[in-house]
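Here are my notes on the model, point by point. Please read them with the coordinates open.

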Amino acid sequence: MLVMLMAGVAPSLPTPQGKPKVLIFLATGCPCVFSHRETFGSMLKKYGSKVDFSIVFIDKNDDKEEMVGMIESLGWDIKYIIDEDQKLLNQYHPKVSTDCVLLTPAGKVVYKGAVDDSPLNYGQIKEFYLKNAIEDFFEGRPIRVRLGEGIGCIINYKK
Amino acid sequence: MKNIALSATLLFIAFLFACTAPEPENTPVHDPMDYEKVLGAPEAVVETEDFPENTISGPLAYAPDVPKLNTGDVVHVRIDVQHKLIEIKEGVKFWAWPFGDDVPGPVLRVKVGQRVIFKMANRSMETIEFSPPMPHSIDFHAALVSPSDKYRSVPPGQTITFEWVANYPGVFMYHCGTTSILQHMVYGMVGMTIVEPKDGFPGEVDREIALIQNEYYLKEKEDGTYMVDFDAARKKQPMFVAFNGKPAQYVQNPIKVKAGERIRLYLLNVGPNDQSSFHIVGTLFDKVWWDGNPVNEMRGMQTVLLGASSGAIVEFTLPEPGTYPFVDHEFADVEAGAVGLFIAE
């Protein structure tokens, strides 16, 4: 089921109480996310009841048909947010589309960056950045990698 | 009676001699591929530079034209990547990611033994308002190098330089190797490399033509423009199949040749998904060099079957004046645009 939310709804996003949150920043014109389709999809299945996952669409040229089409192509059951005024971009400053952030229930960023490093290794995943960060969070451990370098499309920040 | 006995004896002796005569020594078979190959190359360099005005330079031309060889042992080649709105058919425009200025990218021509100093800038940030800039790369099938070094993804705004030596003659593909590779290829990041044998292709021809077959997976948007349909690409359901980037372009604008002249056709199916059964109505291929290597010669063929990324060189003549259709003989592809005409005058 796809649910659309508008970014900027005060205070930031409606979040189920007590759940950490993952935002993944995407643009429909950027295919890089397909490198993470399986990894991220498996996290949605594994942690979907314990983590609040959302896509943040960041390109002003995106239309709803393209956004829904991309989610269907990815095969993810996830809600999405349209960040029309770049409020979430300016709040979290992802470097490229496909970057994501892991937020504590209190809204603190504990991980930012790539889902994994597969685009750097011809598909082989050597670092499960986001999955490891989620596991560390639930185990109460320090997050082992807090910033994972990713490959994606450059985000066009408004000046 | 004596004569008969003598003849029989002589015949017996001759037979014995024949049976015991030493066999002639084996003549060594010349292997045309038995020469030293150059493996590997210095590490690639990624850096920032001021981009030149032109996106390509070197022995390059857009198909059907075939570029001339550069002389010398070292060849400098530049093919930049950009994001560009291209029109593949009247009214069908989409934002492609071409090598150089068109889809497919330019044909590169080198010969065995030449060292290619290759440079590629990722200019995708120049159109950031319309198309998200992203990493790109290039994978030369003609090269023997480490892909994790030379074919690495180059961030927008940066330039990669690396070398490779042409070791094998043939018709080879190049394409973007950045994930999702399928998506980068359906956005048009494909092209052809021709590698001549050290002493040139054997035999004389009157005309050279390059044909590259590719598929387009598009869908129309509400505003009448088009966008890549990744689902269709994954399901192998192309909207168009084209020779040299534009479906059925050579039906309205046929390729003109002379009846009786010998034509060498450089063929490549860049896919990314489907095979091509290339056929010309009204003639046979006198010679077919599988993957473009003269060692792999076949004769008198009607159709050349090319899997995705396979190439061939075919030589033929059109026997008399007339119109000769060329097709991908998988006729669903003809309906999608894989058809053209030679006019022999």
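1. How many bridges join β17(B) to strand β25 (residues 339-344) of chain B, and do they run parallel or antiparallel? Three bridges join the two strands, which run parallel. Within this pairing, V257(B) has A344(B) in β25(B) as its bridge partner. Strands count as paired if DSSP finds at least two bridges between them. Strands (E, at least two residues) and helices (H or I, at least four) are DSSP runs, numbered from the N terminus.

2. Some ground rules. This is a predicted model: local features need pLDDT of at least 70, side-chain atom pairs count only at pLDDT 80 or more, and totals for chains, interfaces and linings use all residues. Residues are numbered from 1 along each chain as its sequence is written, while chains are lettered from A and ligands numbered from 1 in the order in which they are written.

3. The sheet around that pair is open and has five strands. Its order is β17-β25-β24-β19-β22 (chain B), and the pairing is mixed. The edges are β17 (255-257) and β22 (303-306) of chain B, each pairing on one side only. From one strand to the next, the twist averages 20 degrees. Axes here are lines fitted to C-alpha atoms, for helices over the stretch in contact, with angles from 0 to 180 degrees between N-to-C directions.

4. Chain B is assigned domain 1 (45-196) and domain 2 (207-215 + 243-344). These bounds come from an automatic or database domain assignment. The C-alpha centres of the two domains of chain B lie 24 Å apart.

5. Nonpolar means Ala, Val, Leu, Ile, Met, Phe, Trp, Tyr, Cys and Pro; charged means Asp, Glu, Lys and Arg; the others, Gly among them, are polar.

6. The largest nonpolar core has 93 residues. It draws at least three residues from each of domain 1 and domain 2 of chain B. Strand β18 (residues 262-271) of chain B gives the most, six residues. Among the residues with the most contacts inside this core are W164(B), V171(B) and L267(B). Beyond its neighbours within four places in sequence, L267(B) contacts residues including V171(B), L211(B) and F278(B). A core is a set of buried Ala, Val, Leu, Ile, Met, Phe, Trp, Tyr and Cys residues joined through C-beta atoms within 7 Å. A second, separate core of 41 residues includes I24(A), A27(A), F57(A) and L102(A).

7. The contact between the chains takes 14 residues from chain B and 17 from chain A. The chain B side has eight nonpolar, five polar and one charged residues.

8. Two loop residues of chain A deserve a look. F128(A) lies between β6 (109-113) and α4 of chain A. F128(A) is partly exposed because 18 other C-beta atoms lie within 10 Å. The cut-offs are 20 or more for buried, 12 or fewer for exposed, and partly exposed in between, with C-beta atoms placed from the backbone. R146(A) sits in the loop between α4 (129-139) and β7 (147-148) of chain A. With 15 such atoms within 10 Å, R146(A) is also partly exposed.

Technical notes. Contact = placed C-beta atoms within 7 Å.
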